[in-house]
Protein chains: 2
Amino acid sequence: MKGVTNIALSVDGFIADKDGSMEWLNNQPQIPGEDFGFKEFLKGVDCMIMGHKTFDTVAGFGEKLWAYGDKPIYVLTRGAVSNVIVPDWVPRTVTVTTVKSLQKFWLDLESSHPKFKTVYVDGGRTIQSLLRGGFIDRMTLTRVPILLGEGIPLFTASLGHNVNLKLLDTKPFPNGFIITTYQVINEI
Amino acid sequence: MKGVTNIALSVDGFIADKDGSMEWLNNQPQIPGEDFGFKEFLKGVDCMIMGHKTFDTVAGFGEKLWAYGDKPIYVLTRGAVSNVIVPDWVPRTVTVTTVKSLQKFWLDLESSHPKFKTVYVDGGRTIQSLLRGGFIDRMTLTRVPILLGEGIPLFTASLGHNVNLKLLDTKPFPNGFIITTYQVINEI
């Protein structure tokens, strides 16, 4: 089972502003009919895991902007399942799970769902934790042409060691977005 | 007078490791004969300013790796000029200057050297400070395919406000480097 990411960040590395908002991203110029390869990316993943804060954010965008169809999604929380508010319109393929150890959750998911080969990992802390554990295989980063100056960084100093990356693909878009995919070289 | 930058950083935004070393960058695969557009970039600048820590680093690489020819360079320090060690081989076009206010230095340089139109700004803190002041016009960033996990970041949370960027150019290289140039949109 391999983890893949697909996340937008500012040139200075933030995925949300200091209030946790993604308004800066939603305010960027759109390109009509352009989904920046997201549907194609989603086709290639078998399920998705995200932290409950990320779920709160994407569910907060409302039903019309729900981007994940009926892909199986595990929403992870360290607290009680009942603390995560799941709107009525959210597909039944979304499951909220209490997780103490992300690594144990990962290994359990792998053994209980042998058909899950590729897992879309979303949310800053979830990505960081799985990156540190060597579970992330491929990272797709969308660099948005803005400096936020402050906010929630994708990469924190918690990695604690060098990780080599291999550039697989990079593509600029007319609105200044640059989408780059790296293979993560996890030393064995 | 407009400031331009040209700096390499890891995918997670660090310009040096936690010890201030750039060994991680020097250890990257080279491409024979490829200077990543640096000579061309240098042709387009009239002088250069850098902090004394950056000068210590680049002077520490030795005479053979000195990349700046006899371009006028101002090495800025908050302390005494005599505290900055300048090796004998360093061109006489390098001047060490005590600077209390970077903004005042910038304005003085502008009025005393009307021929300086484009200034190459190097070093994390110097770039940050001039970016904050609205003196940086163009940023060339070389994204190196590595996550350092910790180190000296190019962008700190000190900017304190959003700055929009306009993508001017982006180019991947066979060793995985991606060089991207942004215009800084300074609101007036």
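**Entry 1: the cavity**

I take a cavity to be a set of points, on a 1 Å grid over the protein atoms alone, where a 1.4 Å probe fits but cannot get out. Grid points are joined across faces, edges and corners, and a volume is the space filled by probe spheres set on the points.

The model is predicted, so I note that local features need pLDDT of at least 70 and side-chain atom pairs pLDDT 80 or more, whereas totals for chains, interfaces and linings use all residues. Residues are numbered from 1 along each chain as its sequence is written, chains are lettered from A in the order in which they are written, and side-chain values use heavy atoms, without hydrogens and water.

I looked for cavities of 30 Å³ or more and found one. The largest cavity has a volume of about 150 Å³. I then listed its lining (residues with an atom within 4 Å of a point). The lining holds 14 residues, and Arg143(A), Ile178(A), Thr180(A), Arg143(B) and Thr180(B) lie nearest the centre of the cavity.

I recorded which strands (DSSP runs of E, at least two residues, numbered from the N terminus) take part. Strands S7 (136-144) and S11 (178-185) of chain A, together with S7 (136-144) and S11 (178-185) of chain B, each supply at least two lining residues.

I superposed the copies by least squares on the C-alpha atoms of residues with pLDDT of at least 70 in both. Chain A can be laid on chain B with an RMSD of 0.0 Å by a turn of 180° and a shift of 0.0 Å along the axis. This is the relation of a two-fold axis. In chain A, the C-alpha of Gly13(A) is nearest the axis, at 3.4 Å from it. I also compared the interfaces: 100% of the interface residues of chain A are interface residues in chain B too, so the copies meet through the same surface.

**Entry 2: Asn6(A)**

I located Asn6(A) in strand S1 (residues 2-10) of chain A. I call a residue buried under 20% relative accessible area, exposed over 50% and partly exposed in between (1.4 Å probe, protein chains only). Asn6(A) is buried, at 13%. Leaving out residues up to four places away in sequence, Asn6(A) touches Phe38(A), Phe41(A), Tyr120(A), Asp122(A), Thr140(A) and Thr142(A); contact means heavy atoms within 4.5 Å.

**Entry 3: salt bridges**

I searched the whole structure and found five salt bridges over all chains, each a side-chain nitrogen of Lys or Arg within 4 Å of a carboxyl oxygen of Asp or Glu.

Glu40(A) and Lys43(A) form one of them (3.7 Å, N to O). These two residues are three apart in helix H2 (residues 38-43) of chain A, and therefore separated by about one helical turn; a helix is a DSSP run of H or I, at least four residues. Glu40(A) is exposed at 55%, as is Lys43(A) at 66%.

Glu150(B) and Lys18(B) form another (4.0 Å, N to O). This pair links distant parts of the chain, 132 residues apart. Glu150(B) is partly exposed at 27%, whereas Lys18(B) is exposed at 60%.

Definitions and conventions. On a 1 Å grid over the protein atoms alone, a cavity is a set of points where a 1.4 Å probe fits but cannot get out, and a pocket is an open set with protein on both sides within 12 Å along at least five of seven lines; lining residues have an atom within 4 Å of a point.
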